[in-house]
Structure formats: C-alpha cells, structure tokens
Amino acid sequence: MTAYNLNAYMPVIILVGFAIIMIVGALIVGRFIRPHNPSDLKETVYECGEAPMGVAWSNFHVRFYVLALVFIIFDVEGALMFPVAVIFRKFNEIGSGSAVFVSLLLFIGVLLAGLVYCWSKGDLDWVKSYTQQSFNEERDEKKLA
Amino acid sequence: MISLPSFLAISFILFVSGLVVMIAKKNIIAILLGVELILNSAALNFAAYTRFVNQNLDGHIMSLFIIIIAAAEAAVGLAIVIRFFQIRESIHIDDATQLLQ
Amino acid sequence: MNSSVVSFFAEAPPYQMAVAKLTEILGFDSSVLMAFVTFFLASFVVVNVMALVGGLGTYAERKISADLQMRLGPNRVGPFGLLQFLADGVKMILKEDIIPRDADRFLFIIAPLFCLGGVFATLAVLPFSSGFTLTHLNIGVFYLLGVSSLVGVGIFLGGFSSNSKWSMLGGMRGASQIISYEVPVTLSIITIVILSGSLAFDKVIGIQGGLPHQWFFLHNPFTLISFFVFFISALAETNRAPFDLPEAESELVSGYHTEYTGMRFAFFALAEYIEVFVVCGVAVALYLGGYQVPFHLSELHFLHDTLGVPMAPARMLGQILEIGSFVTKTIALYYVVIWIRWTLPRLRVDQLMTLCWKYLTPISLFNLVGAAFWMWAFKGESVWTLLANLTNSVGGGH
Amino acid sequence: MFDNFIFLSSAALAIGGALSVVVSTNLMHSCIYLLMSLIGVSGLYVTLSADFLAATQLVVYVGGVVILMLFAIMLTAGSDNKTVNRFGIVKIPPMGNLKTYIMSLLTAGVMGCSVLKMIMNINQTTKLGELPPYSTTVEQIGTLLVTDHVLAFEISSVLLLGALVGAAVIARPRLENEVTK
C-alpha cells in the first residue's frame, strides 16, 4: 500500500487534451488554407463508381454478437484475475501460495469450461459454425417439443 | 469540494436519468442503457462510502461485483433483444407482450 | 508516491529553487503549478516525438518494403527521401475536407478523436526510462489495457458513421478483431503479472535485468511462448498485416476510413503508427527488460562513484542510456513488425478468428496456469537461477 | 487544486453524458453519450482513490459492454427501407415522446423525492474524519478476493459461465425457416 498524489494522473488529462487540440486545431488551420468547393458527386459515398444503393446501416450476422459475447466474459474474468495475480507472489513468499494457486486454478477451470462449451457448439467458428448436424439436432429438438 | 454529499448528488442524478431513460424510451436497447446508468450510480455510491465513511475496501469489492454483474446482464439482455428481433423483427418494448413467441 | 517525471526533476536543486521562487512571487503554494508545467512540457515533447515516430514510421514502412521488393522507395524529398512524411503531411492538410452527405456528422467528426485520444492516453505510462516516463501509475498495465480499448470504439464509429458499405464492413470487422485479440493479450499480460507481482511498469522492469537471461522473455518456457502469443495478438490488435482485415485494400477499398479525407484520415493513420510503437514498447517493457542497461552501466553509483562524473550530469547520462536501451529494442521490434507485414499474405476472416479463439486463447490460458505453477513450485526463480543452484548443489555434494 | 479539477471535469462528463442519454433520440448517439458518462464515472473513481475500479470500469465498460451494445444495435438495424415489419409493427421504435417523458418524469420525481429524503440527513448522521491519503488498492482488493471474499470470487466465475452459456444459447443463429408465423 503506497500512497500517491493525484497529480500522477495529470499527464493523462494533458495528453487527451493534446489529442483534442490536435484534431480541432488541424481542422481549423486547414479551413483557411485548403479548398472548399463541395459538389454533389463528391459528397456521395464511394461505391466503386456506382450510385450507392440504400444505406449501409443494415443487419449484420449474429456471429459478430456471439464472438463479442465470448469476449466480454473473458474480459471480465481477466479483470477479476488481475488483483489475484498481483498478490500471488507476496502470498507465495509468506508460504500460503497453495491456497491462491488452487483458487486461481478453479477460476481458470470454470473459464475453460465456458470456452470448451462454446468450441463444441461451434460458436467460435466463423463460416461453417452452424453445421448441418447442429441444424438437425435443433430440428429434432423442435419435433420433440 | 470532494465530499460525500457531492458524490451522492452525482450518483443521484445518474440514477434519476437512468430511471427516466428506462421509462421514457420504447426501444429495448435504450432501456438497457438506462439499466447501465442505474448500476453505475449504485457502484459509485459504494466507492464513495468506502472512501468517506469506513476505509475497509469491502465497498470496492461490491462495486467490482456490480460491474461484473452489469456486464453479464448486458450480455444476456442483448442476446434476448437479438433473439426477439429475429422472431418479431422489432425491438419495440410494447411488442414484447406475449410470453410464447 | 508514484514516481514520475516530476518526482525525477523534483530531486534536482534548481527545480526546488524554482518552486520556492514561484511560491514567493505568486503568494500560494506553486508546487502543483510547477508540476503541471513540467508535465505539460514533458507531454509536449513526448507527443511531438511520437508524431515524428509516426511520420518516420510511414517512411520506414515504404523504404523497408521497397528494400524487400528490390525497389528504391521514396528518395526525392530531402536526403534519402527522409522528409517524405513532411511532404505527405503538407499534402494532407491542403486536401479538401469532405463529409459525405448521408453520413452521421456528429459521429463522423468524433470518431478520430476516440482513436487518437485512446492512443495518446497510453503514452502516459509508456516507460521510456526510470525518470523520464511521464508517470508510473500503480495500475500501469491495466490502465493501458483500458484506454487502448477506446481505439476499437473509434474504428467502429469511423466505419459506422460514413454510411458506406465498405466502411461499415471494415468497422465491424475491425471492432470484432480488436476485441477478440484482446483476450490473448490480457491473458499474456496476466502471465507476466503473476511473475512480477505488480502492475506498475517500473516494478515489472525493475524485477528484470539488463542481460537477456534476466529478461522475462527467457525467464521460463511459459513466458517464452507467452511472448510470441503477445506479439502476434498485439499485431492483430493494431490492425497490422497479416491481420489488416479492417482496411484490406483488395477487398474493402480502404476499410473503415474509406470516406475520410485529408487531416481526418491522417489522424487515423497517425494513431495506427503510434499504436504500433506503443505496443512494441509494451512488449519490450514486459518481456525484453524494458529500459534496463546491461551491467548496471546506467546506475548512479557506477557513473558517479566509479567513473567520477558529477552528480547532475551522471543522472542525465543514466537516463539517456536507459532511453537508448528502450528505444533500441523497440525500434528492433518495430522493424520486425514492418518486415512481417511485407512478408506474409493476409489472413482470411475465418482463419483470423480460428487463430485467435482456437489457438492463441487456449495457449495463453495454458501459459497462465504454467506460470502460476512455476511461481508456486519454484518461487518464481528463473530457469537459469535454478540451473545454477542445481550445479552448485551437485558441485557442493562432492 | 488538481483534485478539484479532475473531480469537476469527470462530474461534468458523467452528468452531461447521462442527461444527453435522456434527451437524445438517436440510439447510436445515446450509446456514445453513455460511453462519455462511463468515462466520467471512471474519473470519479480516480478521485475516490479507487484506481483499480477506475481501470476496471474502462476495461469492462469501454472495451466490453459499449462495444457489445454497438454490435447489438447493428444487428437490429433493419435490413431494408421498409419501416413496418410483416406484423405491421413499426420497426424503429420511438425514443420516447411527450407522453412517456411526462410519465417518466412523474415517476422519477416520486422516486427522487423518496431517495432525496433518505440522503438528505447524510451530513448529520455520519461523522467525516480526516481523509486518508490516496493509496493503491490493487493489492488490498486481491488480498480480500482470496481471503474474505473467496467464495464470491469463485461464484462470480460460475455466474459468468452461466451468462456465457445462456446468452450463447439464446443468441445462436437458428434455421432460416424456423422463424415463427
């Protein structure tokens, strides 16, 4: 437990401020020196020379969501593991490393079970994720129900 | 300036805006945004009380678990929203009136 | 107290004199003001150097690719074409700024800010040397993971707001690639955290040494594998080839920044190049000994007592040696990144996801368990120390 | 001095983001306002000497939940220009109208008054001593997670496993023709 001063976070604010200043500044400076003559053609989105059809904000496939779902669970578990990983060395030095090791193993074991489940159900595949077999299984389930 | 009442006031504003979002919006995803705001205000309260009232970090653990539960809630909630959209082609909360599909 | 560039300077008498003087003039305690000024100047230097690194990165990229393909590369502007990036910058700022008619203007304007802001915020903890790091936060690595995830949001928004199909596809791919590869990166970092027992960069580096056998890279077999997992995943997180699917030229025109012109595009490119440097720096700090100089050459008592250099120059010299050590290793990794880009073909989307979820994630989980076991069984000693102990005990047995 | 600055800017970000979520009528924009609010809350954690919580907030929310929400919005965007689906339901639901806002403000007023009544006497009942200096909390949190709260630590992994399996089962794509009538 080491005390610190909140001044240590000063560079974060300053650097983000720099990012804002750079973006705003470059665009304002550029406003005076660059041409500005918009035309109808310029302002259409690029679609290989064709006139664009419809909008791009369309439905995407669910596999994006399923991967994001697996990710967020891993992300949260990683965030939970950080403090335990930090104190592991200290606990090991005072001789009670086994308890921490076992609790970490249990935690990772449950995490691994989730990964294995998603793998076996084909959630981690991109293209052929939902094979004929899983479709058939699902259809059978529906028939039974 | 950094005192318990000011943190409670911020957390109160977050809570009320979350509540208004939950009730006013008819879009299910927008309602989930409101839920996130409310959970955040609760987690902020725990951290504030830890800092100003008793300095034993149990409140931080509680906030940590609130964040975890919020993540799990968002994952399951959005999965339900997507499934609902696949079935009904809508994410209007008033369409979710039937239990069976 | 967190050590930072301010606490480094605060030990020097002139700094304290300046603080006292300012307090006298202004009538209030000006240590905060002085800290702000120091941080501001240091951040200004770091940002400019990083912008230069980003610019030189584009030059190096073109020159190295030319070298690998037996071309000449840029050689007109300045000696060896070194000023090419300045010419590019001037060209960028003179280009017309176009926002598509159908675009979401608010998000279109704010998207580069997320990319650049996220990358710049990571610079605050990048350990250039023990004194010249902007700040050594106690949660260094974890903070870095947090702010660098802003880049993913920026890329997604850049793709979404353009309302172009190419951009949208690139943005979706980019976001899902970045979040997927964050899992192996996080797990690899936890592997190192278990062995070092701290999240702060100065502690992680302080536990390593200057020579290769003291680095975490060669600490034990698990960290050796973990380094490669980290490096591959970091390549994918920065959208570098062979993982540059979000901006795959041959499929998606230019990916998430198809509709961005002029300076807005330049900010995306700048953020990408700086992020590559940051990622290489993090790999160096975690695995390759960071700013440690071999044989303790940079330590004060060596320079001051043994060589007889006066106190103030000795401190500066030590820091400069450390910066040299850090930057040399980082540039070497940067070269490897560019080399890989021009050597390997691009992966397919499904191969990308398979690589992440079916190879790198299980391997990094295995590494994590292995490192924890190593810590538990061998008290976190490196394999070389164990070997030395073994030979000693065998030799002592006679 | 800097403490106050970081507190004020984070509070402004948090409150401004939250209020913008309320008034915004564009779903994508309100997601970004929520992101701003969450970053502001993370700054508030920093002023509360909860540095680990602040970083967790960034990692989990900015990197995880917000991206998940953006993905979910993209998945339910509606693929064609029709505004009405085949059930005759408006596809893009309204982000609130006058009636719902009035209802919600009334509810919030009632709830808010009762909550305010609870927190009004906070200054009288709690004695605030001298605040301890800012200190790092990672090691203490880690120690608590493997000693006092080890059960919560292990069970949270089971909770996350349940969430993963449940959400994967719900969201997994089905047969094309399986959609009900």
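This is a predicted model: local features need pLDDT of at least 70, side-chain atom pairs count only at pLDDT 80 or more; totals for chains, interfaces and linings use all residues.
Which residues does A:Leu69 touch, not counting residues up to four places away in sequence?

View 1. Leaving aside residues up to four places away in sequence, A:Leu69 touches B:Ala75 and B:Ala79 of chain B, together with D:Leu164, D:Ala167, D:Ala168 and D:Ala171 of chain D.

**View 2. The largest nonpolar core.** This core comprises 262 residues, and within the core A:Leu69 and B:Ala75 are the residues with the most contacts. The element α2(A) supplies the largest share of the core, namely 22 residues. Chain D also takes part through both of its domains, since at least three residues of the core are drawn from each of domain 1 (1-77 + 91-118) and domain 2 (135-181).

**View 3. The contact between chain A and chain C.** Here 61 residues of chain A are in contact with 74 residues of chain C. On the chain A side, the elements that give two or more residues are β1 (3-4), α1 (10-33), α2 (62-93) and α3 (97-120). Sorted by class, this side of chain A has 44 nonpolar residues, alongside 10 polar and seven charged residues.

**View 4. The two domains of chain D.** Chain D is divided into domain 1, which is made up of the segments 1-77 and 91-118, and domain 2, which covers 135-181. Four residues of domain 1 are in contact with five residues of domain 2 within this chain. On the side of domain 1 that touches domain 2, two residues are nonpolar, one is polar and one is charged.

Technical notes
Residues are numbered from 1 along each chain as its sequence is written. Chains are lettered from A and ligands numbered from 1 in the order in which they are written. Domain bounds come from an automatic or database domain assignment. Two residues are in contact if their C-beta atoms, placed from the backbone, lie within 7 Å. Ala, Val, Leu, Ile, Met, Phe, Trp, Tyr, Cys and Pro count as nonpolar, Asp, Glu, Lys and Arg as charged, and the others, Gly among them, as polar. Helices (H or I, at least four residues) and strands (E, at least two) are DSSP runs, numbered from the N terminus. A nonpolar core is a set of buried Ala, Val, Leu, Ile, Met, Phe, Trp, Tyr and Cys residues joined through C-beta atoms within 7 Å. A residue is buried if 20 or more other C-beta atoms lie within 10 Å of its own, exposed if 12 or fewer, and partly exposed in between; C-beta atoms are placed from the backbone.
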